[in-house]
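Below is a short report on one protein model, written for a reader who is new to structures. Please keep the sequence and the 3D view at hand while reading.

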Amino acid sequence: MTRHLHIVGAGVAGLAAACRASRQGTSVSLYEMAGHAGGRCRSFHDDLLGAEIDNGNHLILSGNHSIRDFMADAGADPDGFATAITAGFDFFDLQDDREWRIAMDDGRLPTWIFDPDRRAADTGALDYLAGLKLPFAGERTVSDLFGDRGAGYRNFWEPLSVAILNTEPEIAAAGLLWPVLRETVGKGGQACRPMIARRGLGPALIDPATERLEQAGATVRFGTRLRQLETAGDRLKALHFDNYSVDLGSDDAVILAISAGHMARLTPDVTVPDSHRGITNLHFRMAEPLAAPGEPFMKGVVGGISQWIFVRDNILSVTVSAAEVYESTAAENLATVVFDEVKRALGLPTRSYESFRIIREKRATFTQSAEQLKRRSGPQTALSNMFLAGDWTATGLPATIEGAVRSGHVAVAKALASPGQP
């Protein structure tokens, strides 16, 4: 049985793994090449905006049980998140300035799909019942499955799939939507209540996780990049970092919670996705708060560039998923177009922003197509003491925070059950 666990990568997957193992009494060493934990989910103070912002905008739902387990392992305060009282999602259509709200029932019976006032504009109950085809989607894409549904596709399935899969519906694997909907929508509104970090994911989750590990006596090293894996037979023998090496004991195990690209550079023996999609996040500083202190909110947008607007105090944050087409757009031009959409969606005709910041994540997720899904590797490898975690691994979920956290938990379970060297 594993006595010491070495975890490489302090993103969400690595942190979740470290907190789970530490809470179960296992000795842990955590290594991260950046100078901070959190990966894509980190928060930082931006001098230009004069505020704490998230590197990217992330939506958590009350039904994301792996994330909630991570919060418990990390000792995170649930009050760090503003959790909606009911499951409701507001949308604005930039094409005709219409608004609607998807308002779900708390129970599992989806009576809301039969009420025109509680579903997306111009949609009918059959548009939602079409989701029952998802378990049998095979290699069909989202547009293959729902592209003939008119407003049901435009106002529901397309924005839903882009938000979850960060891949154009024309190539996105429809079947990946099913496990997400099964664990959230399928369990009723109680599992679909939005949870938004009041001060950012860093203060709400990443910082408590790091502090909990240090309090538990775990070794946490930042600014250390893994350069080489040394093997002996069917086991890892040593980890070689930039400036030092770590020899592995007979009862040590390793979890590599690193990016697919970094994994491919370390070893050709692990198959990884090799196509990726970007996300562009735009952050605007307003002169006055648009949300009450500690009460952030969000709104969906269709018919334009913007897709989701998050408001926290005087910071407006806008997400543009599958954003390759805008990668070459000049920052000032993109900000002008997006903010015009934001003003219309939020009803701010006379206001302007004081400053803005654009963060382009060119490899935010792997391309979630049927072809790329075949390149996901499971948690176990050919080496008996090396395990994998990360949202790109075969979690059964899309490349989401929930999937990343779950991958860390699964990797820990596999690692701790593995026998030591005889």
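## A serine in a loop

Ser-306 sits in the loop that runs between strand 16 (297-302) and strand 17 (308-312). Helices (H or I, at least four residues) and strands (E, at least two) are DSSP runs, numbered from the N terminus. Ser-306 counts as buried because its relative accessibility is 1%. Buried means under 20% relative accessible area, exposed means over 50%, and partly exposed lies in between (1.4 Å probe, protein chains only).

The side chain of Ser-306 makes a polar contact with the side chain of Glu-341, at 2.6 Å. A polar contact is a pair of N or O atoms within 3.5 Å; within protein, one must be able to donate a hydrogen and the other to accept it, and residues adjacent in sequence count only if both atoms are side-chain atoms.

## Basis of the values

This is a predicted model, in which local features need pLDDT of at least 70 and side-chain atom pairs count only at pLDDT 80 or more, while totals for chains, interfaces and linings use all residues. Residues are numbered from 1 along each chain as its sequence is written, and side-chain values use heavy atoms, with hydrogens and water left out.

## Salt bridges

How many salt bridges does the structure hold? There are 24 salt bridges, each being a side-chain nitrogen of Lys or Arg within 4 Å of a carboxyl oxygen of Asp or Glu. One of them joins Asp-46 to Arg-357, with the closest N and O atoms 2.7 Å apart. This pair links distant parts of the chain, since Asp-46 is in strand 3 (residues 43-46) and Arg-357 in strand 19 (residues 353-366), 311 residues apart. Asp-46 is buried, at 4% relative accessible area, whereas Arg-357 is partly exposed, at 31%.

Another salt bridge is formed by Lys-299 and Glu-99, whose closest N and O atoms are 2.5 Å apart. Lys-299 lies in strand 16 and Glu-99 in strand 8 (residues 98-103), so the pair ties together parts that are 200 residues apart in sequence. Lys-299 counts as buried because its relative accessibility is 12%, while Glu-99 is exposed, with a relative accessible area of 52%.

Glu-230 and Lys-237 also meet through their side chains in a salt bridge (3.8 Å, N to O). Both are partly exposed: Glu-230 has 27% relative accessibility and Lys-237 has 44%.

## Patches on the surface

Patches are made of residues with over 30% relative accessible area and no salt bridge; like charges are joined within 9 Å, and nonpolar side chains (Val, Leu, Ile, Met, Phe, Trp, Tyr) within 5 Å. Glu-52, Asp-207, Glu-211 and Glu-214 gather in a surface patch of negative charge. Which helix gives the largest share of the negative patch? Helix 7 (residues 201-215) does, with three residues. Asp-207 lies in helix 7 and is partly exposed, with a relative accessible area of 37%.

A nonpolar patch on the surface is formed by Phe-114, Leu-126, Leu-129 and Leu-132, which together have about 440 Å² of accessible area. Such areas come from the Shrake-Rupley method with a 1.4 Å probe; for residues, only the protein chains shown count as cover. Leu-132 has its place in the loop between helix 3 (125-129) and helix 4 (142-146), and counts as exposed because its relative accessibility is 55%.

Terms used:
Lys and Arg count as positive and Asp and Glu as negative; His and the chain ends are not counted. The place of a charge is taken as NZ of Lys, CZ of Arg, CG of Asp or CD of Glu.
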